[in-house]
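Work through these exercises with the model open beside you. Try each task before reading its solution.

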Amino acid sequence: MKRAIPVVALSIAGLIPVWRYEPSIGGTTSSTAEPTTTPSASTTAASGTVVKGTTITTDKGPVQVQVTFSGDRITAVKMLQQPDHPQTTAAVPVLISETLKAQSADIDTVSGATITSDAYKKSLQAAIDKNTKSASASPSASASASASASAASKVVAGSTVSTDKGPVQVQVTFSGDKISAVKMLQQPNHPQTTAAVPVLIAETLKAQSADINTVSGATITSDGYKESLQAAIDAKV
C-alpha cells in the first residue's frame with residue numbers, strides 16, 4: 001500500500017496566500033459532472049501533444065486532467081475540472097509535482113484529499129494510455145518526436161546555496177528554452193520546506209523563470225531555491 005503525502009502543513013494560515021493554484025495552472029472548477037466513459041480527443045501543438053483524460057465523477061465533484069506530452073514524456077499537467085474544496089486546492093499542486101517527477105500515474109495519494117487523488121490518478125492514467133496508443137499507431141512519428149525531444153532536452157544543476165536551515169540545490173530540465181521539470185537535489189529537512197517545495201516548483205513551471213513568489217513560512221528555503229534556480233537558468237544559456 002502506497003504511503004500518503006500529508007497536506008496538513010499546506011493548509012496552515014501562513015501558506016494560504018500562496019496556494020493560488022487554480023489560476024496558476026489555468027484550471028477550472030465545475031459542479032456539472034460529465035460522462036466518464038469517453039475520453040476527449042488529443043491534439044498536437046508546437047509544444048507537444050495535448051491529451052485530455054477521462055472525466056471522473058466523485059462524491060465531491062468531477063475531476064479531469066489535461067496532459068501535455070513531448071514524445072512519451074509528461075511535460076505539463078493542467079486541471080480541467082476539480083472539486084471546489086480547500087483540501088483539493090492544496091492537493092492539486094502536490095499531485096502535479098509528483099506526476100512530473102514520477103512520469104506516471106503511480107504516485108502517492110494526498111492525505112486529506114483521497115477522493116480527489118484517486119480520481120486524478122484515474123484521469124491521468126487514461127490520458128497516458130491514450131497517448132501511448134496514439135504513439136503505437138504512428139511508430140515512426142513517435143520515434144521522431146522522442147528523438148527530437150531527447151536532443152532538445154538539457155539537464156542543468158543549479159549552484160548549492162547554503163542557508164541557516166541547510167543546503168538548497170535544484171536541478172532543472174529544459175526542453176529547448178522551456179523549463180519542463182524541476183527536481184530538488186538538496187533541501188532542508190523541515191516540514192515547512194517539504195510543504196513549500198511543490199508550490200515553488202509549480203510556480204516555476206508557470207512563470208518559466210526564477211521570478212516567483214516566496215512561500216510564507218519558508219522564506220529561507222524559497223530564497224535559496226530561487227538563487228539555485230537562477231544559477232541553473234544562467235548556466236543553461
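**Exercise 1. Find how many aromatic pairs the whole structure holds.**

Solution. The model is predicted. Ring centres must lie within 6.5 Å to pair. A search of the whole structure turns up zero aromatic pairs.

**Exercise 2. Find which residue lies over the face of F174.**

Solution. Start from the ring centre of F174 and look for K236, at 5.7 Å. The cut-off for a charge over a ring is 6 Å from the ring centre, and within 35 degrees of the ring normal. K236 lies over the face of F174.

**Exercise 3. Describe how α5 and α6 are set to each other.**

Solution. 
- Step 1: locate the helices. Helix α5 spans residues 191-207, and helix α6 spans residues 219-236.
- Step 2: take the axes. They come within 10 Å and cross at roughly 40 degrees.
- Step 3: classify the angle. Roughly parallel needs an angle under 35 degrees, and roughly perpendicular needs 65 to 115. Therefore α5 and α6 are oblique to each other.
- Step 4: The crossing of α5 past α6 is right-handed.
- Step 5: list the contact. From α5 come T193, L200, I201 and T204; they meet T221, S222, Y225 and L229 of α6. These residues split into four nonpolar, four polar and no charged.

**Exercise 4. Describe how α2 and α5 are set to each other.**

Solution. 
- Step 1: locate helix α2 at residues 86-102.
- Step 2: take the axes of α2 and α5. They come within 9 Å and cross at roughly 75 degrees.
- Step 3: classify the angle. It makes α2 roughly perpendicular to α5.
- Step 4: list the contact. P93, V94, S97 and L100 of α2 meet P198, I201, A202 and L205 of α5. Here the division is seven nonpolar, one polar and no charged.

Technical notes. Residues are numbered from 1 along each chain as its sequence is written. This is a predicted model: local features need pLDDT of at least 70, side-chain atom pairs count only at pLDDT 80 or more; totals for chains, interfaces and linings use all residues. Side-chain values use heavy atoms; hydrogens and water are left out. Rings of Phe, Tyr and Trp (its six-membered ring) pair if their centres lie within 6.5 Å; planes under 30 degrees apart count as stacked, over 60 as edge-to-face and the rest as tilted. Axes are lines fitted to C-alpha atoms, for helices over the stretch in contact, and angles run from 0 to 180 degrees between N-to-C directions. Helices (H or I, at least four residues) and strands (E, at least two) are DSSP runs, numbered from the N terminus. Angles under 35 degrees count as roughly parallel, over 145 as roughly antiparallel, 65 to 115 as roughly perpendicular and the rest as oblique. A crossing is left-handed if the near helix is turned anticlockwise from the far one by less than a right angle, and right-handed if clockwise. Contact means heavy atoms within 4.5 Å. Ala, Val, Leu, Ile, Met, Phe, Trp, Tyr, Cys and Pro count as nonpolar, Asp, Glu, Lys and Arg as charged, and the others, Gly among them, as polar.
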